[in-house]
Amino acid sequence: SRSPPPSDSVIIIGAGMSGIMAAKTLEEAGYKDYIILEADSRIGGRVHKGQVDGNTVEMGANWLFSGGPKSSPAHEIAKKIKLRTLYSDYGNLSSNIYKQGGGLYEKHVVESAFKVADARQEFGTNLSKILSSKKGGDDDISILGSQRLFKQVPKGPLDLAVDYFYNDFEEAEPTRISSLKNTFPRQLMEDFGEDSYFVADPRGFETVVHYIANQFLSHNNNKITDPRLQLKKTVRKINQSKNKVIITTEDGSVYHANYVIVTVSVGVLQSDLIGFVPRLPLWKKLAINNFDMAIYTKIFMKFPYKFWPTGPGTEFLLYAHETRGYFTIWQHLENELPGENMIFVTVTDEESRRIEQQSEKKTKAEIMQVLKKMFGNGKQIPEPDTMLIPKWWSNRLYKGSYSNWPNGYTLHSYHDLQQPFGRIYFAGEHTNSTYLGYVDGAYFSGINTANALIKCLKHFCEGRRS
Ligand SMILES: Cc1cc2nc3c(=O)[nH]c(=O)nc-3n(C[C@H](O)[C@H](O)[C@H](O)COP(=O)(O)OP(=O)(O)OC[C@H]3O[C@@H](n4cnc5c(N)ncnc54)[C@H](O)[C@@H]3O)c2cc1C
């Protein structure tokens, strides 16, 4: 276009929860001159259903939370649209932990391991509160560091499996890495509650994002027709000058606007998918590259028949191996998808990276070994008919699952991560310090960043120019 763009035009990069909420916030404030550029052929981003032989599973976000003093906006919408969710009951886990070589640990043995894990967490949470109460102080320690200080470092397969369940199952990174101060207490659970509900609806969790989008983008039969949403547009360059931004996509399209909101994951920002002209300043590059993108992988399997226990109190199972995080956390899907003979295992971090790089055949063989130990009991067990291994890390549009705050990363750096640079604003799960890593974090980040931009359009711009 030859004519100069109107002075309040905005481009939003990414149509995940944060991008959709940023657009909605602009729209409701009367700023309708925006375009959303999304690389994928769908909206929703990391809220993404998959199919296993016709059964819907959630490859990305899966749990919603409740029972706390505040309510989770994602959960509220899920209730409104009657999304099917099932309460995750971990209460019987002490009867469901398998030894490395097979057989269950005795309940009382596991219960004392849980007691120690609870004590570690309590010590860590108290220490974290002390560290946080020092205003402006940068003192922090890793979760593992706090366990050392408590003279209670996990060792042995059972203790490692329990520690992995308490920590990595949520942060998706090892305790050696995660910041104690910025992890405990887990603010999301303090606010929204610890009761977790597993989304199991054939429409998928992503219906929540669609529901929001349909409130302000024109649509027809559930398909968004609004020309301001442009799918299959992978942004490769953001060129910023004094008066505007020029955005180039992979297919050669060029877009002009006055401001841009970048909602891609911190993993994508760490990659070279999007080139910035001029380059991002050092303070911004440090903030981006010192933060962590964790990896969390659910490997879904459908078998010809069930050879694991079903019925009350059996949904969650742990496998305790001497290698921390080696196919530790299992969940069967008998409640969600009865009669479908489905189960999944969760891996994180280096195990996720390893599995993404090796053949499915190799992964299947490893899993069969584990399943044989857990449930074989000398009997033959069948191979899965179908496996689904999401590859969040290899996918250039995500480069991981969700962000995690590493020990040593200061509040000052975090502020730099959130800060706009000139006309470039940042949103996304990783920019919400309260609910970092969650769908609700993405939700609020979209609102907050759009509001900061609206403030700029109205009177005052925060964006540092160098
Ligand atoms: C395996 C897994 C499990 C999870 N479990 C939970 C859970 O149980 N509960 C929970 O609350 N949260 C969970 N999360 C986290 C949650 O899914 C995310 O925090 C949230 O969805 C992130 O939203 P976002 O808008 O910040 O980012 P995204 O959803 O990543 O949106 C960014 C969008 O930008 C697009 N994009 C990337 N690069 C470009 C480009 N160059 N040009 C154009 N578009 C681009 C992407 O395609 C994407 O659609 C999980 C995530 C994963 C992956």
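What I am showing is a predicted model, where local features need pLDDT of at least 70 and side-chain atom pairs count only at pLDDT 80 or more, while totals for chains, interfaces and linings use all residues. Residues are numbered from 1 along each chain as its sequence is written.

Back to our pair. Strand 1, residues 10–13, runs parallel to strand 2 and is joined to it over 4 bridges. When I say that strands pair, I mean that DSSP finds at least two bridges between them. The strands are DSSP runs of E with at least two residues, the helices are runs of H or I with at least four, and both are numbered from the N terminus.

Is strand 2 covered or open on its faces? Both faces are covered, with Tyr 34 and Ile 36 buried on one side and Ile 35 and Leu 37 buried on the other. Buried here means that 20 or more other C-beta atoms, placed from the backbone, lie within 10 Å of the residue's own; 12 or fewer makes a residue exposed, and anything in between partly exposed.

Strand 19, residues 316–319, pairs with strand 20, residues 329–332, in the antiparallel sense over 3 bridges. Please find Trp 330 in strand 20: it is the bridge partner of Leu 317. Trp 330 also stands opposite Val 345 in strand 21. Strand 20 and strand 21, residues 342–348, are antiparallel too, with 4 bridges.

Next, the ligand. Which residues come nearest to it? Of the 40 residues around the ligand, those are Gly 14, Gly 16, Ser 18, Gly 45 and Ala 442. A residue is near if its C-beta atom, placed from the backbone, lies within 6 Å. Helix 1 (17–28) and helix 14 (439–458) each give at least two residues to this shell, and helix 14 has the largest share, with 4 residues. By type, the shell holds 21 nonpolar, 14 polar and 5 charged residues. For those classes, Ala, Val, Leu, Ile, Met, Phe, Trp, Tyr, Cys and Pro are nonpolar, Asp, Glu, Lys and Arg are charged, and the others, including Gly, are polar.

Finally, the whole protein. Domain 1 covers 10–46 + 206–292 + 401–458, and domain 2 covers 107–198; these bounds come from an automatic or database domain assignment. Their C-alpha centres lie 31 Å apart. How many residues of domain 1 are in contact with domain 2? There are 14, and they meet 14 residues of domain 2, where contact means C-beta atoms, placed from the backbone, within 7 Å. On the domain 1 side, the touching residues are 6 nonpolar, 6 polar and 2 charged.

In total, the protein has 14 helices and 24 strands, and 44% of its 466 residues count as buried.

Conventions
Contact = placed C-beta atoms within 7 Å.
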